[in-house]
Amino acid sequence: MTDVTHRVLLDVDTGVDDALALLFAVAHPEIELIGVTCVSGNTTLENVVQNTLAILDVAGAPETPVAAGARRPLIEPARSSHVHGGDGMGDLGLPSSRRPVDPRHGVDLARDLILGSDQPVTLVTVAPQTNVALLLRQYPEVAEALDRIVFMGGAAGVGNATAVAEFNVWHDPEAAAITIDSGVQTFMYGLDVFNQVGVARSDVDALLSGESAAARIAGRLLDFQADGAHIGDAGALCALVDPGALHVERHPVRVELAGASRGQTVVDRRPRVGEDAVHGLHTALPLVDVALDIDAPRVARLFVETVTTLP
């Protein structure tokens, strides 16, 4: 593909909006999807793998390696989300896929794909970052082969899993901390922008009644959501191909690992030195590109126009 500008390894916990992200990744001409790693999060690891394969079938994706990764966070037990239906993907009842599951562990597949690529790979994780943390700790050499890590997670404002913590980071805060501290340039597509990109009712209806089978599935996934038709995780991939649609600032970020704020991403947006630095309490934090605002209609239009190109 001569028009590809982003070689992407996608890490998912395929629930409803991960499925939308997969459809977009397959459809957009500037993305080459080289592989998918699966992790527990929205639902069980077994459901994540089967949902991922089924959506790749729907999208008419070429052969793409898909591997199962971590089935629980680094420290705590897995805690599936309650908002994605019994199967984790809106109970759509899609037929089981005959695509093979790669026999490698997801972390090993990621290593092989990243180090085997002749150009830098962008690792996009729209899930708890357990696989990513294990990859960076087990195979630290992959860090130099990555262009950057784009993660859907965190918030500079309010949370959703708790008052201050977003679900993906809350599910495995230690993993998110390892990712941010890894030295790889990271881009945070958090709740501040995640919650803004909704698809108009008229567009959802057009998808549901369209000629494209994949677009109809996208419409059903959007229609399933009780709090409005949001593209969710797919926005992180839209940001990759249309960065001009976002307002991004680089700030120090840390992940809280204890207490009532466990899982919070603390984004230090202060314009000047604080009392913590003045009194010697300041610890240098990694800098993260944080998406703080988004042209929601522009990104929603990009998503809809892209998925309607699928068969």
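Visitor: Is R111 buried, partly exposed or exposed?
Guide: In this predicted model, R111 has a relative accessibility of 27% and therefore counts as partly exposed.

Visitor: And which residue does R111 meet in a salt bridge?
Guide: The side chain of R111 meets that of D112, with 2.8 Å from N to O, and D112 in turn counts as partly exposed, at 31% relative accessibility.

Visitor: What about D268, buried or exposed?
Guide: D268 is buried, its relative accessible area being 18%, which puts it under the 20% cut-off; its side chain forms a salt bridge with R270 at 2.8 Å, N to O, and R270 is partly exposed at 41%.

Visitor: Where do R201 and D205 lie?
Guide: Both lie in helix 8, which covers residues 201–208, and they are four residues apart, about one turn of the helix; the closest N and O atoms of their salt bridge are 2.8 Å apart.

Visitor: Switching to the overall fold, how many helices and strands are there?
Guide: The secondary structure comes to twelve helices and nine strands, and of the contacts between residues at least 6 apart in sequence, 84% join residues at least 24 apart.

Terms used: Residues numbered from 1 in each chain as written. Predicted model: local features only at pLDDT ≥ 70, side-chain atom pairs only at ≥ 80, totals over all residues. Heavy atoms only, no water. Helix = DSSP H or I, 4+ residues; strand = E, 2+ residues; numbered from the N terminus. Contact = heavy atoms within 4.5 Å. Salt bridge = Lys/Arg side-chain N within 4 Å of Asp/Glu carboxyl O. Buried < 20%, exposed > 50% of the residue type's maximum accessible area, 1.4 Å probe, protein only.
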